[in-house]
Amino acid sequence: MKIYIASCIAITILLSNAMVSMAQTNTLYFMNKIPGRTAENPGFIPCQDFYISLASVYAGMGNNSFAMNDLLKSVNGSTVSAFDKGAEYQSFLRTLKPSTEIKSEATLNIFGFGFRKNKNYFSFGLAERVVSSASVPKDMFRLLLEGVDQNSTSQHFDLSSLAIDATAYVETSFGYARQVTPRLSVGGKLKLLFGQLNSKMSFSQLSLNGTEAQTTMTGAGTLRLSVPGKIYADKEGYPDFANMHGDDFGPTKFKGTGLGMDAGAAYKLTKDLTISAAITDLGFIHWQKSDWEGSVKANTTFNNMSFAVNGDNEFGAVLDTLKQSLHFKPNGKAYNSSLTAHVKFGAEYSILKDKIGFGLLYDSRFASSATSGTITASANLRPLSWINLSVGYSLINNEGSNIGAGLNIIAGPFNWYVITDYLPLSYAEGGIPKIKQCNVQTGLSFAFSSPKKKVYKQRVEQAPPPPGN
């Protein structure tokens, strides 16, 4: 049991996301030969007249507290985590912030297309998106790693900031952009959202007080669960997750509907300098009801319980006791959940007839649990018509990050790219990368443009000489 719990905790942390731009990489913003960059700013108009996007995948994970090499260490040729029995964990605890914000997101763009009509550009997209977040107080890590001290006169663990939120939904988008003037382009997207799953847990109060000999847990919290199927109750009236029937579940069994929107613009201040701004993923999902709604009201005393995952006591007794404090009821009330919005400001200065561009992007992310900002500086290389390169560096919440890079290959109508905002350039012993975040995005599309009209210089015939000449 102890090994299983420790493994679950480590996997959850490692597979949780970046406090950065989600659903798209920031490096994509200035790669102007990729049709999909309109997801970053719908005011950008693709340079192709028509495109079909067959598949695009994004995955991001990380946290705002510790790097992978803080959690994992190489000892005598073996990799161990801070949660392993006998491992040195003090350095890991010292890296933690009062609350570790853990995020993850995955997006599968299933299909999309776009086309130009005079000064207008129309687009459509279909995507599956999964977003999850967790807020873990430092005292939770301290409790799991050290446990409560039996020899202490009194200990206090404040766990009230503990929260979990996960959402899965299908997104259909309808985009429109217009070249208003030779300098200005504007655009927007309307998104219809179909909710599949939502799970949310938070606490207004949760704490442990006392010693290992006798520890009291007090807490109050709520949780909601909406899933694309039916979860039946067990004999005690609790949701029976162990006996869910596959026939009752399906990705098209939507539990909610919602609306979202993107809006953006780009303006050429000079021939070489372009500024831009956008707001993306502004919206909500209305869930018809929660399949299960729960509340926690705990005032429980534990005897001789360390709570540490690498200690001598099992968690079974703790879970059984907490279960008595958890009250579930089916068919809860309808409710709303918000999307994670982004506000972006960008500028790019180009030289050598746009073959090289220097970009600067600010991306502010607004979530229900936290707000974060990222500044990305990039060099964007377009040396030939068939290749597009980008290299960038990001500053996240005033902390340095890793180098990002993007590669875009164009061969006739074939348009393929792969991008990451975090290339690990530094490694600890054992080859463990020193990164807090990682993400990757790749996609394939077929894009077409009409043959460019040749521009001929107008012939100017020699006018007859004026009279007298």
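The largest cavity of this predicted model has a volume of about 510 Å³. A cavity is a set of points, on a 1 Å grid over the protein atoms alone, where a 1.4 Å probe fits but cannot get out, and lining residues have an atom within 4 Å of a point. Grid points are joined across faces, edges and corners, and the volume is the space filled by probe spheres set on the points. Of the 39 residues lining the largest cavity, Gln24, Gly36, Ala39, Asn109 and Lys189 are the closest to its centre. By class, the lining has 14 nonpolar, 17 polar and eight charged residues; Ala, Val, Leu, Ile, Met, Phe, Trp, Tyr, Cys and Pro count as nonpolar, Asp, Glu, Lys and Arg as charged, and the others, Gly among them, as polar. S5 gives the most to this lining, with six residues. Strands that each supply at least two lining residues include S1 (50–63), S4 (99–117), S5 (120–137) and S8 (184–210). Helices (H or I, at least four residues) and strands (E, at least two) are DSSP runs, numbered from the N terminus. In total, the structure holds four cavities of 30 Å³ or more.

Residues are numbered from 1 along each chain as its sequence is written. Local features need pLDDT of at least 70, side-chain atom pairs count only at pLDDT 80 or more, totals for chains, interfaces and linings use all residues, and side-chain values use heavy atoms, with hydrogens and water left out.

A search of the whole structure finds 17 aromatic pairs. Rings of Phe, Tyr and Trp (its six-membered ring) pair if their centres lie within 6.5 Å; planes under 30 degrees apart count as stacked, over 60 as edge-to-face and the rest as tilted. One of the pairs is Tyr29 and Phe44, edge-to-face at 5.0 Å centre to centre with 75° between the planes. Both residues lie in the loop between helix H1 (2–14) and S1, so the pair ties together parts that are 15 residues apart in sequence. Tyr29 is buried (under 20% relative accessible area; exposed is over 50%, partly exposed in between, with a 1.4 Å probe and protein chains only), at 0%. Phe44 is also buried, at 8%.

Two rings have a charge over the face (NZ of Lys or CZ of Arg within 6 Å of the ring centre and within 35 degrees of the ring normal):

| Charged residue | Ring | Distance from ring centre |
|---|---|---|
| Arg37 | Phe44 | 3.8 Å |
| Arg224 | Tyr335 | 4.6 Å |

Phe66, Phe83, Phe92 and Phe141 form one aromatic cluster.

Definitions and conventions
1 Å grid on protein atoms, 1.4 Å probe; cavity = no way out; pocket = protein on both sides within 12 Å on 5 of 7 lines; lining within 4 Å.
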